[in-house]
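Here's a quick tour of a protein model and the RNA that goes with it. Have a look at the structure, then read on.

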Amino acid sequence: MSLRAVKGMKDILPDEISKWHRLERAFRECVEAHGFREARFPIVEPTALFVRSIGETTDIVEKEMYTFTDRGDKSLTLRPEATASAVRAYVQHSVQGREPVTKWYYVGPMYRRERPAKGRYRQFYQAGIEVFGDPGPYVDAEVIDLVVGFIASLGITEVEVLINSIGGPETRRKYTAALLAYLEPHRDELCPDCQRRMGANPLRVLDCKVPRCGEIAADAPSMLKHLTDDDRAHFDELQATLTTLGTPYRVDGSLVRGLDYYTRTLFEVLGKGEALGAQNALLGGGRYDEMVKSFGGPDTPAIGFAVGLDRLLMAMPEVEPEAHVDVFVIAAQPTVRAEAALLGRELRDTGLRVESDLRGGSLKSQLRRADKMNARIAMILGESEVAAGAVQVKDLLEKTQQTVFRKEAAKRVHEILD
RNA sequence: GUGGGUGUAGCUCAGUGGUAGAGCACUGGAUUGUGGCUCCGGUGGUCGCGGGUUCAAUUCCCGUCACUCACCCCA
């Protein structure tokens, strides 16, 4: 077959969809319990939106975006993440004028042109939240506590929560200078990527996975020691609040995220176990206090996170799929198929999920089908039943069967299901 | 972008230098209109694609494409 799904993009067929529904439902329930409301943003945005927010020198912008020119010569990009869109929408609609604190959530596909691997796709799904207007640190702790609770609610227990603070602009300026002063004598020992990063975004050197770079980074001056008093107080209070909440966490001074817009609080949740392969970052987020202002909005602090739904799905324990029909209607003879269709409609009108195989076939084969799709009830309609105004109600689980007046059939099914 | 692995039935995989098999799935039957278990039968494959060696290639060689895993990056 020559026409296939695009590399790194896959179909989700009905057999898998119940797991997705369960995941999405759990997310919505969790964030709505915290007062978040759903927002939906376009999948296509102006390219500049991502270049300016995520950062020109990040891997995402440099080599992973699906960027194209539309017929009006505008450069557009398939969103690689949703925070930039959320900020754009927040500013565009002057949301700050309506409420002091805005809490949004979103769920949807994102696009990055990476080499696919286990748990990494070119179209992947993220769910996330954004809080505008609250400088923290208490809301930071609430957000982290929310994600920990959400992941636990899915039955995923083996996780690690990492937090860090990279401070605000002043801290960043001072620390970057100190870091460069430290790195300069080691420049030749660093990998080529890191040598480049020194010029573009020195913080990323701390995150490098190349062994030698990691060794050098380990002895680098600590970012946490360079925090300004305000940034320090913010981070301390965040930790104190997490302790009060009983939320487990570990401070990791080398945690630096791949997007440039972050300030102060950063956090990440790592999954364990082989189901995930090498892609163990389940969730990442942090504060981005400067972004709203840089997009022309009022000076508004903000924090958010995004979870990778595909990875969460892999880490989730399996559960038995639920039946998707309640009643399977069977026409015992081909002559009563029209009547069977009508019976199906009568049952659906009472709220039941009803399916039947109107192609006909033997009673045996139709019963087999009812069993295969896990229907609780098989309702058998034959010529003698039609003549008597009755149906056979067969409970496939209890293995019982009774003749019921057709008028009573729906009621009887509801009794069995309850 | 760099490496490794794998391409045979819808799925999971055996197998052979002489045009192919199993299990599962699907489907029919085991006497009248009754499912799951068991037994018997059936449908279904240009052996990824192209080239080469050979009397003969699914099998050997080369190339190519696809999928996949790791590095990298990230969710």
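Of the atoms of RNA strand B within 4 Å of the protein, what percentage belong to sugar or phosphate? The figure is 50%, and the rest belong to bases.

## Ground rules

This is a predicted model, where local features need pLDDT of at least 70, side-chain atom pairs count only at pLDDT 80 or more, and totals for chains, interfaces and linings use all residues. Residues are numbered from 1 along each chain as its sequence is written, chains are lettered from A and ligands numbered from 1 in the order in which they are written, and side-chain values use heavy atoms, with hydrogens and water left out.

## Around the RNA

RNA strand B has 47 residues around it, and R115, R257, A281, S384 and L396 are the closest. Here, "near" means that a residue has a heavy atom within 4 Å of the strand. By type, the surface near RNA strand B has 22 charged residues, 13 nonpolar and twelve polar. Charged means Asp, Glu, Lys and Arg; nonpolar means Ala, Val, Leu, Ile, Met, Phe, Trp, Tyr, Cys and Pro; the others, Gly among them, are polar.

Helix α13 (363-372) is the top contributor to this surface, with seven residues. Other elements that each supply at least two include α14 (383-388) and β10 (281-287). Helices (H or I, at least four residues) and strands (E, at least two) are DSSP runs, numbered from the N terminus.

## Close pairs

Two side chains reach bases: an N or O atom of E385 sits 2.9 Å from a base nitrogen of RNA strand B, and a polar atom of Q401 lies 2.9 Å from a base oxygen.

Methods. A polar contact is a pair of N or O atoms within 3.5 Å; within protein, one must be able to donate a hydrogen and the other to accept it, and residues adjacent in sequence count only if both atoms are side-chain atoms.
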